[in-house]
Amino acid sequence: MKKLAALILGLSLILVACGGGQEAAAPEGEDNKIVIGVSPVPHAEIMDYLAPKFEEAGLEVETVIFDDYVQPNEQLASGDLDANYFQHTPYFEDYIAKNDLDLVSLGNVHIEPIGVYSDSIDALEDLKDGDEVIIPNDATNGGRALILLSQAGVISLEDPTDLASTEKDIVDNPKNLKFIPMEAQNIPNTYKDATLAVINSNYALGAGLNPSEDAIISEEADSPYANLVAVRAGEEDQEKFKILMEVLQSEDTAAFLEEKYKGAILPSFE
């Protein structure tokens, strides 16, 4: 009997060590880890502020910072990232359509009103004939810049609501302005070389510019260009992503945006 009991006990210990015939449990925290690609400002700053909140919610969030608008989507699609948070909706929709990426949005977090900056003039009325204007060279932000200038009466567009507008769609340019398309992240470093430059708020903030104070004009607070969180299609219902969005779309986030950015970055969730 003692030998039988010892044998049974030994078998029991073996079964426990092997999971008792059931699936082995995942290492602690594996299902709750999220590697998310972000732009330096304000996305990384927002994620850093919320780090304790993510931890309280049971998430292990690792941020990877990118200085461009291409790699975060490409690396998400390839599996190097679990999510990204750096882009507004029109850019996202345009990019995934043109590059055939199977990505989806989890929802919006904030708006970065795009603005017009100058180191040489204080008002658009001071523009002279033939002045140079730097605008982003990507499809949606370039059109967005032209729309803003059209709304300000600097130029007229064939369709002032078309995000795909380019310089070819300008139907009236009374100052004969010369438009210089440039990668958005490089504009803050060269904007003083032109009379005007249209700069995305995240890059303006990263260069020490305050959109609410330094921009000659900027988009209104109801701008439709909300920044979103993207994941691979088919993974959007995972619990960890639901928790991620609950934290990002919280009152804590809204309060941080208001305190930190003073109107330069606005929450885009209710």
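In what sense do strand β1 and strand β3 pair, and over how many bridges? The points below take this up, then turn to the helices and the backbone.

1. This is a predicted model, in which local features need pLDDT of at least 70 and side-chain atom pairs count only at pLDDT 80 or more, while totals for chains, interfaces and linings use all residues. Residues are numbered from 1 along each chain as its sequence is written, and side-chain values use heavy atoms, with hydrogens and water left out.

2. Strand β1 (residues 33–38) pairs with strand β3 (residues 83–88) in the parallel sense, over 3 bridges. Strands here are DSSP runs of E with at least two residues, and helices are runs of H or I with at least four, numbered from the N terminus. Two strands pair if DSSP finds at least two bridges between them. Glycine 37 has asparagine 84 in β3 as its bridge partner.

3. The open sheet has 6 strands in the order β2-β1-β3-β12-β4-β13, with mixed pairing. At its edges are β2 (60–65) and β13 (266–267), each of which pairs on one side only.

4. Helix α3 (residues 71–78) lies across β3, β4 (103–111) and β12 (226–232), and runs at about 150 degrees to β3. Axes are lines fitted to C-alpha atoms, for helices over the stretch in contact, and angles run from 0 to 180 degrees between N-to-C directions. Contact means heavy atoms within 4.5 Å.

5. Helix α2 (residues 40–56) packs with helix α9 (residues 239–248) at an angle of about 115 degrees, their axes being 10 Å apart. From α2, the residues Ile46, Met47, Leu50, Lys53 and Phe54 meet Leu244, Val247 and Leu248 of α9. By class, this contact has 7 nonpolar, no polar and 1 charged residues. Nonpolar covers Ala, Val, Leu, Ile, Met, Phe, Trp, Tyr, Cys and Pro; charged covers Asp, Glu, Lys and Arg; the others, Gly among them, are polar.

6. Some backbone values deserve a check. Most residues other than glycine have a negative phi, and most peptide bonds are trans. The bond from valine 41 to proline 42 is cis, with omega near 0 degrees, and proline 42 is in helix α2.

7. Aspartate 100, in the loop between α4 (89–99) and β4, has a positive phi near 55 degrees. Aspartate 100 is exposed, with a relative accessible area of 70%. Asparagine 176, in the loop between β8 (170–172) and β9 (178–182), has a positive phi of about 50 degrees. Asparagine 176 is partly exposed at 44% relative accessibility. Buried means under 20% relative accessible area, exposed over 50%, and partly exposed in between (1.4 Å probe, protein chains only).
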